[in-house]
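Hi,

Here is the structure I promised to pass on.

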Amino acid sequence: MKHIALAMAAGFMLASPAFAGDHGHDSHGKSEAHAPVGDDVIAGQRKALAKSTDGAGFGPQSPRDIDAKAGNNARLFSSAPAYTEMNLCNIHFHKNAEHKGGEFTTYAGNGDGHGYLSGYKYNGSLTAAELAPVKHEICPSAHGALSPGDTIEVHYVHSTADITPGATLGSCLSESIGNPQLRVETQVYVLVNDKHALDFGKLTAISTKGKGAQATGIPSNTGAPIQYTGSTTGPGYNEKGSPYQVSWSVRPQVAKVNIDTVGKWCKGNTFKEDHAHGVRNLVQNPDLLSAIK
């Protein structure tokens, strides 16, 4: 049974570029630049997604506009428990918000067609001091470093499996449970050059006291989370559906975080995260969206 469970976990990761790619081992390490693509490319990806999922029985997909409640997807699955009753398994972040809504509705553009330079940005304004450049690279990657004013969407991933937090979303699975319930607590942050802003180290703090690991720094003052049933994300699913079920909680308000603390986190953390990951195209097809109650 041990070998079967391990094989299931490996297959789960390999078959799902977005479950591997929501955390992402995207194309980090490549040096080629990608020019912004036209609207026709994004339209083509949406058409391919609609075609590949039509009549195939896929459940609701993510990310979505959290301010739009409608959805025609009738596939049902049980909502995961509250995150405080689950085990934290992974934390990672995307440059620009994957979701749209609340205080992050400014479209970043089509990007390169592979998840970079797309998504949604913080709607609000920042001071000149908050936007002042830093003198060192923050979380550099083949797609560029982070800068003051950038928006990130952080995914605090939880599992009902008996696991410990670790690198990649494979840490959400165990040898005993290959299909755990999954919940993603989501917070959008804007990076500022301000030592008095929130400390990303504290926001991603982990407690192992009691039963399982818990994320103790998730903000509680950024609005009531919009909860809905969806899927894993990541640009690997721009043209095909994700088969994995996820309960989402997306907070509508943005919090300011000290960019230097994000850079420090990228230099060493439990999850071996060192850069921001790409975003999946916003899912707009009502047949691929659940209704938000």
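This is a predicted model: local features need pLDDT of at least 70, side-chain atom pairs count only at pLDDT 80 or more; totals for chains, interfaces and linings use all residues.

Val246 touches Phe77, Leu182, Val184, Tyr228, Thr229, Gly230, Ser231 and Thr232, leaving aside its neighbours within four places in sequence; contact here means heavy atoms within 4.5 Å. Val246 is found in strand 9. Helices (H or I, at least four residues) and strands (E, at least two) are DSSP runs, numbered from the N terminus. Val246 counts as buried because its relative accessibility is 2%; the cut-offs are under 20% relative accessible area for buried, over 50% for exposed and partly exposed in between, with a 1.4 Å probe and protein chains only.

Residues are numbered from 1 along each chain as its sequence is written, and side-chain values use heavy atoms, with hydrogens and water left out.

Now the overall numbers. The protein has 5 helices and 10 strands, and 51% of its 293 residues are buried. Of the contacts with a separation of 6 or more, 80% are between residues 24 or more positions apart.

On to the rings. There are 7 aromatic pairs in the structure. Rings of Phe, Tyr and Trp (its six-membered ring) pair if their centres lie within 6.5 Å; planes under 30 degrees apart count as stacked, over 60 as edge-to-face and the rest as tilted. One of them is Phe200 with Trp265, edge-to-face at 5.2 Å centre to centre with 90° between the planes. Phe200 lies in helix 4 (residues 200-203) and Trp265 in helix 5 (residues 259-266), so this pair ties together parts that are 65 residues apart in sequence. Both Phe200 and Trp265 are buried. Another is Tyr228 with Trp248, which is stacked: 6.3 Å between centres and 10° between planes. That pair links strand 8 (residues 226-231), where Tyr228 sits, to strand 9 (residues 245-250), where Trp248 sits, 20 residues apart. Tyr228 and Trp248 are buried too. There is also a charge to look at: the charged end of Arg64 sits over the ring of Tyr228, 5.3 Å from its centre (NZ of Lys or CZ of Arg within 6 Å of the ring centre and within 35 degrees of the ring normal). Finally, Phe93, Tyr189, Phe200, Trp265 and Phe271 form one aromatic cluster.

Helix 5 is largely enclosed by the rest of the structure, because 6 of its 8 residues are buried. Those are Ile259, Thr261, Val262, Gly263, Trp265 and Cys266. They pack against strand 1, strand 5 (182-192), helix 4 and strand 10 (255-258). At the start of helix 5, a side-chain oxygen of Asn258 reaches to within 3.0 Å of the backbone nitrogen of Asp260.

Strand 1 (residues 87-95) has 8 of its 9 residues buried, so it is also largely enclosed by the rest of the structure. It pairs with strand 4 in the antiparallel sense over 8 bridges (two strands pair if DSSP finds at least two bridges between them). Lys95 has Ile152 in strand 4 as its bridge partner.

His155 is in strand 4 (residues 151-159) and is buried, at a relative accessible area of 0%. Its side chain makes a polar contact of 2.6 Å with that of Glu153. A polar contact is a pair of N or O atoms within 3.5 Å; within protein, one must be able to donate a hydrogen and the other to accept it, and residues adjacent in sequence count only if both atoms are side-chain atoms.

Last one: Glu130, in the loop between strand 3 (120-121) and strand 4. Glu130 counts as buried at 9% relative accessibility, and its side chain has a polar contact of 2.9 Å with that of Lys256.

Cheers
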